[in-house]
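Here is a short briefing on one protein chain. Look over the sequence and the model before reading the notes.

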Amino acid sequence: MSKVEELLDTSLIQPGKRAKIIRTDAIEQKINVYIWDMDETLILLKSLLNGTYAEAFNGSKDVQKGNEIGRMWEGHLLHVCDEYFFYEQIENCNKPSLDALSDYDDGRDLSDYDFGKDRFTSPCDDPSRRKLAYRYRVIAHKYVQGLRTVLDEERMKLWDDLYHQTDIYTDRWLSSARVFLEQSVERCKILNANLASSHELTHSLDSKSQNIHVLVTSGSLVPSLVKCLLFRLDGLITHQNVYSSRDVGKPHCFSLIKERFSGSNVQFCVIGDGWEECEAAEAMKWPFVKIGFRPGSSHKFPGLTLRTVDHYISVIYENSDVAKDEL
């Protein structure tokens with residue numbers, strides 16, 4: 001598999017439908033890997049539940065309303081996790097990523113598999129790990145399909161209404177974060193579309209760079225994947241690019257990501273609100289962009305721009321093109 005295919009997660013594409021790619025600028029092309037925290041970075045949830053978001057605005061935000069919004073999100077999250085993502089069964093079996101147990105998946109046809117009767121237990125032996133790997137495969141498939149294939153019309157409306165209500169309450173934090181992600185991947189959108197739909201395509205990669213988004217969250221893996229779905233990030237962050245650091249720590253996850261996206265033309269940037277990702281980024285000698293939801297914060301949504309993040313990258317990697325743009 002070529003480096004470009006690997007980075008664009010073409011493993012989900014049937015081999016016969018993969019595009020033929022000719023790289024004309026393999027040396028010059030830069031790949032930017034943005035490593036995101038989730039809560040109080042791409043989304044707001046914990047700060048709604050504990051009131052810290054509203055309290056930061058000195059009375060102009062209704063604390064109770066924020067708490068009610070947060071509790072409604074919790075209800076949706078638990079419902080989707082338990083009903084469609086095996087969370088009651090696998091809550092105590094957290095792994096850093098869905099690919100962590102891929103070696104145990106024998107590729108068995110799961111169309112008639114009864115997950116309620118396979119006597120799955122906490123994975124301490126190979127048969128149990130295989131059963132968990134089966135569940136991870138189904139979760140990956142459901143993530144790709146999206147929630148609109150499993151939620152009924154009534155719950156879909158509740159979900160849509162809650163998203164818009166939250167976006168208004170947070171001064172467009174959610175939609176602004178999505179816009180940032182969309183803008184940063186715009187340069188490779190055509191390539192991704194061709195990879196997914198073309199039977200045979202010769203494509204010259206003439207873009208200046210590619211931007212890839214990776215999520216590293218301290219939460220459990222399955223709820224984090226469901227959060228991506230609920231907060232409409234699934235079209236911008238693939239399930240292969242979601243990592244849980246709950247049991248292994250963010251430094252370990254960052255090392256996995258560095259190994260996966262290795263190359264002299266790869267640049268990393270960490271964006272989050274916490275000390276753990278800040279220290280891990282410093283240890284890796286990667287730039288770190290600090291997000292804050294308080295009114296006086298330097299970087300928040302709306303407000304953070306790709307130009308600002310690229311400037312942080314240029315400082316560490318001495319990117320002359322970006323540096324000239326800043327002059």
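A residue counts as buried when its relative accessible area is under 20%. The model discussed here is predicted. The notes cover a pair of helices and then a site named in a record.

**Helix α8**
- In helix α8, the buried residues are Trp 173, Leu 174, Ser 176, Ala 177, Phe 180, Leu 181, Ser 184 and Val 185.
- An α-helix has 3.6 residues a turn, so residues three or four places apart point the same way.
- The 13 residues of α8 should span 18 Å at 1.5 Å a residue, and this agrees with the 19 Å between its end C-alpha atoms.

**Packing of α7 and α8**
- Two packed helices are described by the angle between their axes and the distance between the axes.
- Helix α7 covers residues 153–169 and helix α8 covers residues 173–185; their axes come within 6 Å and cross at roughly 95°.
- The two helices, α7 and α8, are therefore roughly perpendicular to each other.
- On the α7 side the contact is made by Tyr 163, Thr 166 and Asp 167, and on the α8 side by Trp 173, Leu 174, Ser 175 and Arg 178.
- Sorted by class, this contact of α7 with α8 has 3 nonpolar, 2 polar and 2 charged residues.

**Asp 37**
- The unreviewed UniProt entry carries the annotation "active site" for Asp 37 and Asp 39.
- Asp 37 lies in the loop between β2 (30–36) and α2 (46–49).
- With a relative accessible area of 7%, Asp 37 is buried.
- Leaving out residues up to four places away in sequence, Asp 37 touches Leu 42, Leu 215, Val 216, Thr 217, Lys 250, Ile 271, Gly 272, Asp 273 and Glu 277.

Conventions:
Residues numbered from 1 in each chain as written. Predicted model: local features only at pLDDT ≥ 70, side-chain atom pairs only at ≥ 80, totals over all residues. Heavy atoms only, no water. Axes fitted to C-alpha atoms, helices over the stretch in contact; angles between N-to-C directions. Helix = DSSP H or I, 4+ residues; strand = E, 2+ residues; numbered from the N terminus. Parallel < 35°, antiparallel > 145°, perpendicular 65-115°, else oblique. Contact = heavy atoms within 4.5 Å. Nonpolar A, V, L, I, M, F, W, Y, C, P; charged D, E, K, R; others polar. Expected span 1.5 Å × (residues − 1). Buried < 20%, exposed > 50% of the residue type's maximum accessible area, 1.4 Å probe, protein only. UniProt positions renumbered as here; feature names shortened; annotations may be inferred.
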